[in-house]
Amino acid sequence: MKHLFLKSKKAHILVAFICYLMVFSSATAQRMPRRNLMRETNPEFFKTEEARRVGDQVLAYQRVTGGWPKNIDMARKMSNEELRNVLKEKTRQDDSTIDNNATTMQMIFLARLYQQTNDTRYRDAFASALEYLLSGQYDNGGWPQFWPNPQGYQTHITFNDDAIVNTLELFDDIIAAESPYDGNLVDKAMRKRLSKAFDKGIEIILATQIIVNGERTVWCQQHDRETLKPASARAYELPSYCSQESAGIIRLLMTLPKPNAQVKKAIHGAMKWFDTYKLTGLRVERTGGWGEQTERNTRLVEDPQATPIWGRYYDLEFCEPYVCDRDGIPRRRLEEIGVERRTGYSWYGDRAAELYSIYETWSAKYDPKNKVEISLTTKGCNENGLIEMYRRPVVDRAAFDVIVKPGESIQAAIQKAPETPTEPFKILILNGTYNQKVIVDRPNIVLVGENRDSTIIVLAETARTRTIKEYNGRPVGNGVIVLQEPAADCVISGLTVYNNYGTTIENTTTHQMAIFGRATRTIVINCNVWADGNDALALWAPESNGMYYHADLFLRCPGVDFLCPRGWCYATRCRFYGDSRAMIWHDGRGDKSKKLVITNSSFDAKSPTLLGRYHHDSQFFIVNCKMSEQVLDCNIGYAYSDKVLDPCPWGQRTYYAASYREGGNSGWMNNNLQEYQKDLANFSITAQWTFGGKWDPERRIRDLWNVLAY
């Protein structure tokens, strides 16, 4: 199944262009894309010493496997020390891959270099790489993402980022002896092996195409190597219909010179799917840029003149586009995921549009009788009513153990749970205002409000005015919701929890906890957590050994330290609103790894307000966050200038990445993750990283999504 690829006024314009360049700052010039030497095609370049320098570095990076690692600029000039370090890595067998154009890109470069230099080192490296590619092919024709030692999802048959398509296209060019693969670079026996591997690759493509009710559709980014069914990869790459990689697959199939009936059906089916599920009247709008002190954002905006686009992913249930954050929860709107994934991933694209004209030509030549009627000018599925573009998740009421109505006791519902439930005990609280104190004294309780803005638990209380000081033989703290020490694995979602003592009883900002806890593995998500005093969300497990997870919270407090965990805490997609006093605080005594991590969140205040403070050993990570001008241009610092409560032997530990303050900052928010750990990337700062792999709260949320859905 081989194929062959289809292969005076000016002076004024030049002057104008030079003038245009001169008005730009050097910073702007640095953002202009630079030449990628690894993708060079000019034969004259490969006769230069520069090409040899790059080629020798490519050889240095080649592993003993024959393959190469990904995401490395191998053309960047290295120092002798850097080169020695690279050579030390040659024996690695865990990072060779075909992902992100790795290995195939290096092979193409070496083939071009060999043709111009006849240096056998480049030919031998190319031959070793061919053996590497052939060694990775499964018996069924697919390839994993990494080998020879793939881990986890790396074992899946990987179409992601055109990994398999790039490999097959390279094979086909070599089989056809196209330049630069002519001459003595590859012998006849190898071309025969490649031809067999190519045919098997086409077979697995046809075998993995998703079929629904007998109709062929498209592909997932990756498929299970045993069952061939759609499979998940990274947390935000779920089993789905995937438009981008499927477009690359169809482009490849339409280049086959003798398509059989199965190939024809695959192409027709996929083109019908592309046309059915195109999106019209929508345009992707991007603002800001990486490394700039401006807000980065990506939005999907209405535009009647926009050309069709496709969602990268469509869910397997409704065939509707979705986006996803690193928590693995699919969402329908870009604004519902954090800025890091929102701006750092291609959720929508128009790659499939390129197939329309190719398909018209292909179908006329190979199968006009079964041609599918397609058009880029007809309304898409979002405009013709075929799909619900922004479908909201629906809570399964039948899954709850107890449903609480207005006027009923939430405490009584908790008392219905076993003292040590082995399964989550799920309580749904219907819309209404509940003037109650809620005490959770047993593990595995899940409290879910019907709607976060309409299900309100409100109480006016301070430590001094507590009406309940003991419950079931244990002292009870100050707060609207109080988690006793045995209440591990509690989940709170969909509620407004408000301690309003400061506005209804006494004008003071003393401790007025909305949620207070001494239990570990606490999850508080999708809530308004408000207090009229200090320490609104205060989770203080004994000896500061607690682990806490927060997402999609609106935290509002005029007092100080209104997010103040002791232990390990991860918060994402939260909105903080304060008034004149420091907003966040952390106690990390006893273990240097304890930390408060806040990602993809925003900070604002009614009046100029400090971001945070500490007076015990602490550690802060602020990643992909936005500060308004009301947040003072001042780093998180020690709380007092006139006394020392704790000498903090580990010193100030505040780390920032990809965050900015409106109006700029004096340098304290500069990216400094390297001070914590060399090569630590902001996208690596996740919940599992925060908890050192000891707890996966996001998996618990996914397991409970039928009752937490929001």
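The largest nonpolar core of this predicted model has 103 residues, and I250, L253, F274 and W347 have the most contacts inside it. Here a nonpolar core is a set of buried Ala, Val, Leu, Ile, Met, Phe, Trp, Tyr and Cys residues joined through side-chain atoms within 4.5 Å. Buried means under 20% relative accessible area, exposed over 50%, and partly exposed in between, with a 1.4 Å probe and protein chains only. A second, separate core of 95 residues includes C490, V529, M583 and I584. In soluble globular proteins, nonpolar side chains tend to be buried together.

As this is a predicted model, local features need pLDDT of at least 70 and side-chain atom pairs count only at pLDDT 80 or more, while totals for chains, interfaces and linings use all residues. Residues are numbered from 1 along each chain as its sequence is written, and side-chain values use heavy atoms, leaving out hydrogens and water.

Let us look around F274. Leaving aside residues up to four places away in sequence, F274 touches V218, S243, S246, A247, I250, W310, A352, L355 and Y356; contact means heavy atoms within 4.5 Å.

Now to the sheets. Helices (H or I, at least four residues) and strands (E, at least two) are DSSP runs, numbered from the N terminus, and two strands pair if DSSP finds at least two bridges between them.

| Open sheet of four strands | Pairing |
|---|---|
| β5-β9-β10-β11 | antiparallel |
| β16-β21-β24-β26 | parallel |

In the antiparallel sheet, the edge strands are β5 (241-242) and β11 (330-331), each pairing on one side only. Two bridges join β9 (residues 313-314) to β10 (residues 321-324), and Y313 stands opposite Y322 in β10.

In the parallel sheet, β16 (438-440) and β26 (537-539) are the edge strands. The twist averages 10° from one strand to the next. Three bridges link β16 to β21 (residues 481-483), with V438 opposite I481 in β21.

Helix α3 (residues 49-61) has 13 residues, which should span 18 Å at 1.5 Å a residue; its end C-alpha atoms are 19 Å apart, which agrees. The expected span is 1.5 Å times one less than the number of residues. Among the buried residues of α3 are A51, V54, L59 and Y61, and their cover includes α4 (80-88), α5 (104-117) and α6 (120-136).

Finally, the cysteines: a search of the whole structure finds zero disulfides, a disulfide being a pair of cysteine sulfur atoms within 2.5 Å. For C220, the nearest cysteine sulfur, that of C242, is 6.7 Å away. C220 is buried, at a relative accessible area of 1%. The sulfur of C625 is 9.1 Å from that of C574, the closest cysteine sulfur, too far for a bond. C625 also counts as buried, at 2% relative accessibility.

Terms used
Axes are lines fitted to C-alpha atoms, for helices over the stretch in contact, and angles run from 0 to 180 degrees between N-to-C directions.
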